[in-house]
Each structure stands twice: as C-alpha cells, then as structure tokens.
Amino acid sequence: MYDVLTVYHGGTDEIKSPLVNVGRPNLDFGPGFYITDLYLQAKEWAEQVADLRGTFPIVSVYHLRQQDVLGCCNSKIFTAYDTDWLEFVTSNRLGKEAWKGLDYVEGGVANDRVINTVRLYMTGFISADEALRRLKYYKPTNQICILNQQLLDEHLTFVETIKVKNDE
C-alpha cells in the first residue's frame, strides 16, 4: 500500500487528466501542473479565477504518491521564504527557467501577501536582504509543481471534483 497525500487544484474546470506545460509561462516554479495540500488555498484560488472569468469555482481533488515521486525524480523543496526560494521564484518569473531539469518543486507561493515584496526585489527597488527581512514575517503557504508528465500520469490520481459554494 502506498502512502498518499491528498492534494487540490483550484480553477474553473474539472481536470481529470492534468497536463504539464499548459498554464501561463514564467510562474513561480515553472510550467507544470500546480497543486497544494491546503484545501482552503485551492478554494481561494478557484474563487479568484472564477471571479475573473465570470464562472463557478471548482476544486479538483487528487491523491499523490509523494514519496514515490520524491524517490525517483529531480526535486527541489523550499521550506521557507529564504534566499534560495527568492532567487528561484524571481528567476522563473523573469523567464530565466531555473526550473529546467527539475521534475517536482514544492514550497511557498508568491501570492497576494508576498508578491509586492518579490516584485520590488525583481525590479531592483529593494535588496535581497530587505526582501528577506520583509518575508520573514510570513508563514509560507504551499504549492507543488509537477513538471514531468510521466510522473504526473503515474503518481497523481483523480479522486473527485468539488463545486465551491459561496457559503463554504
């Protein structure tokens, strides 16, 4: 029996068979399929996307055999908003493809709480030290990006779709 992690993908469409390289370019961890082990984070993302598109939020639920993935691939895991995370995310957001050669990346999201600091650093308005000083006050949320289609196909299993309700 495999240890599985329940993970979520927030959006506006049910995604039973996810694909890498379909989303926007220059995301935090590269052009993979993004999931999280935090339901509320996926729900909030689904609500934001649905508001932009004028449709309904949906959270797709999966089981990920995470230990199997980590045992057979090139991975990078960030446990804090630190120098490595900051450099990796800004490099990817600037199109420098720091994700190349990786199959799995996990760590904090450059979300609404921290993106202004990241942008100030990216544009040179603040130093890395100042960015890290600001980021230390935030507990990272969590995102997982799978960049390898074979890993996605073999280790991520669709479970169900949750249609998010306004009162949820």
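## Ring pairs, sheet and helix packing

Phe29, Phe78 and Phe88 are linked into a cluster by ring pairs. Rings of Phe, Tyr and Trp (its six-membered ring) pair if their centres lie within 6.5 Å; planes under 30 degrees apart count as stacked, over 60 as edge-to-face and the rest as tilted. The count by this rule is 7 aromatic pairs. This is a predicted model, in which local features need pLDDT of at least 70 and side-chain atom pairs count only at pLDDT 80 or more, while totals for chains, interfaces and linings use all residues. Residues are numbered from 1 along each chain as its sequence is written, and side-chain values use heavy atoms, with hydrogens and water left out.

| Pair | Centre to centre | Angle between planes | Arrangement |
|---|---|---|---|
| Phe29 and Phe78 | 5.9 Å | 25 degrees | stacked |
| Phe33 and Tyr62 | 5.8 Å | 85 degrees | edge-to-face |

Phe29 sits in the loop between strand S1 (5-11) and strand S2 (33-35), and Phe78 in the loop between strand S4 (75-77) and H3, so this pair ties together parts that are 49 residues apart in sequence. Helices (H or I, at least four residues) and strands (E, at least two) are DSSP runs, numbered from the N terminus. Phe29 and Phe78 are both buried, a term for under 20% relative accessible area, with exposed meaning over 50% and partly exposed in between (1.4 Å probe, protein chains only).

Phe33 counts as buried at 5% relative accessibility, and Tyr62 is buried at 0%.

Phe33 also takes part in strand pairing: Ile146 of S6 is its bridge partner. S2 runs antiparallel to strand S6 (residues 143-146), and 3 bridges join them. Two strands pair if DSSP finds at least two bridges between them. The open sheet has 4 strands in the order S2-S6-S5-S4, with mixed pairing. S2 and S4 are at its edges with a single partner strand each, so one side of each lacks a neighbour in the sheet.

The axes of helix H3 (residues 83-93) and helix H4 (residues 115-122) come within 10 Å and cross at roughly 75 degrees. H3 and H4 are therefore roughly perpendicular to each other. Their contact (heavy atoms within 4.5 Å) involves Trp85, Leu86, Glu87, Val89, Thr90 and Arg93 of H3, and Ile115, Val118, Tyr121 and Met122 of H4.

H4 also packs against helix H5 (residues 128-135), at an angle of about 175 degrees and with the axes 9 Å apart. H4 is thus roughly antiparallel to H5. For such angles, under 35 degrees counts as roughly parallel, over 145 as roughly antiparallel, 65 to 115 as roughly perpendicular and the rest as oblique. Axes are lines fitted to C-alpha atoms, for helices over the stretch in contact, and angles run from 0 to 180 degrees between N-to-C directions. Thr117, Leu120 and Tyr121 of H4 meet Ala128, Ala131, Arg134 and Leu135 of H5.

Arg134, in helix H5, counts as partly exposed at 29% relative accessibility. Leaving aside neighbours within four places in sequence, Arg134 is in contact with Thr117, Leu120 and Ile126.
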